[in-house]
Amino acid sequence: MELLAGAERHPLDVDHLETFHGLQVRTFGPPGDLRPLPDDVSSVAWRLRCEEDEFQDDYWDRFVATVEQERVRALVFGGPWFGSEEEEPEVIDRLVALRDRLTSLEAVFLGDVVAEECEISWIHQSGLGPLLEAYPRLRELGVRGSENLEFPVTRHEGLRTLRFESGGLPAAIVRNVAASDLPSLECLELWLGVEDYGGDTTLDDLGPLLGGAGLPSLRQLGLQNSPVQNEIAGAVAQAPVVARLEALRLSMGTLDDEGAAALLSGQPLTHLRYLDLRGGYLGDAMMLRLWEALEPAGVRVDMSEQKTHKRDRDRYVSVAE
């Protein structure tokens, strides 16, 4: 797998990527950058982040001319392609046009921007269909932001990791992922978010994913950052897909003792290698119950960064606006 269970511990806030696809991220610098290129172009994930004093076209052309495209394995796109609340990014068009040279490309991350540059709910995306069609051997795709985002019902034999970071993930994305034929997909993470920012996914929408029939290789599942995290936990406790998972992430949302109790009363979880329950509202007694039930079986249970507001109306997900 690209992500071993628990090996990459994602932060609960949104930050610039330091690693991607198992590679250190290296920013392709401005014209005056005197750092030598790495001897092996394929040994890093290249972050493309154009400074304000250089035009995007010039920056892109300089990257294409300077870095041997045939050896690039991973690309991370930041500003100004992403981070504008007015413009739709042109990144996918550029990638499609370069498909005959980017012959080793395995991983793409779209939207590596932080709140100081643009709130996650304002990040504009676009349709991902042309990218998936142009790169049938793509193994990992990460997307931050969901404004104008489209994921087609598709077949893609190469994709192994798919991750959507969002303050509000549209239900259409969830339904289309579930309806797609992704026979190699091993890791799926969905930051579901809140309705105010487009997160309208229901338990019915998650049903096909929890059934697991269309994702035969799935071993890691994240249904995170949800205001109905308890209800999701209850559904997960009975979901057929869980029996073959190695890692389960239910972090960043409003999970409390009720949802945790549903997990413990459902199907066994002792086969998991990693259970991520960070950033919820678990009490000390419930955390002890979870540890005593799962840690002796070898499950790494992460319950750090619990929030403290007790009243339902004061509870919040970790990433929204």
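Which residues does Ser251 touch, not counting residues up to four places away in sequence? In this predicted model, they are Gln224, Asn225, Gln229, Asp276, Leu277 and Arg278. Contact means heavy atoms within 4.5 Å. Ser251 sits in the loop between β10 (247-249) and α7 (257-265). Helices (H or I, at least four residues) and strands (E, at least two) are DSSP runs, numbered from the N terminus. Ser251 is buried, with a relative accessible area of 0%. Buried means under 20% relative accessible area, exposed over 50%, partly exposed in between (1.4 Å probe, protein chains only). The side chains of Ser251 and Gln224 are joined by a polar contact of 3.2 Å. Such a contact is a pair of N or O atoms within 3.5 Å; within protein, one must be able to donate a hydrogen and the other to accept it, and residues adjacent in sequence count only if both atoms are side-chain atoms. Asp276 lies 25 residues from Ser251 along the chain, with 5.7 Å between their C-alpha atoms.

Residues are numbered from 1 along each chain as its sequence is written. Local features need pLDDT of at least 70, side-chain atom pairs count only at pLDDT 80 or more, totals for chains, interfaces and linings use all residues, and side-chain values use heavy atoms, with hydrogens and water left out.

The protein chain has eight helices and 12 strands. Of its 321 residues, 54% count as buried. Among contacts with a separation of 6 or more, 74% come from residues 24 or more positions apart. The C-alpha atoms fill a box of roughly 60 × 40 × 35 Å, taken along the principal axes.

The largest nonpolar core holds 85 residues. A nonpolar core is a set of buried Ala, Val, Leu, Ile, Met, Phe, Trp, Tyr and Cys residues joined through side-chain atoms within 4.5 Å. Leu75, Phe77, Leu95, Leu110, Leu141, Phe164 and Leu188 touch the most other members. Apart from this core lies another, of nine residues, among them Phe20, Leu23, Val25 and Ala74. Beyond four places in sequence, the contacts of Leu75 include Trp46, Phe63, Leu95 and Phe109.

Confidence is given by pLDDT, the predictor's confidence in each residue, from 0 to 100. The protein chain averages 92, and 94% of the residues score at least 70. Residues 1-7 stay under 50. For this segment the model has 25 contacts beyond four places in sequence. Where pLDDT is low, the predicted coordinates should not be read in detail.
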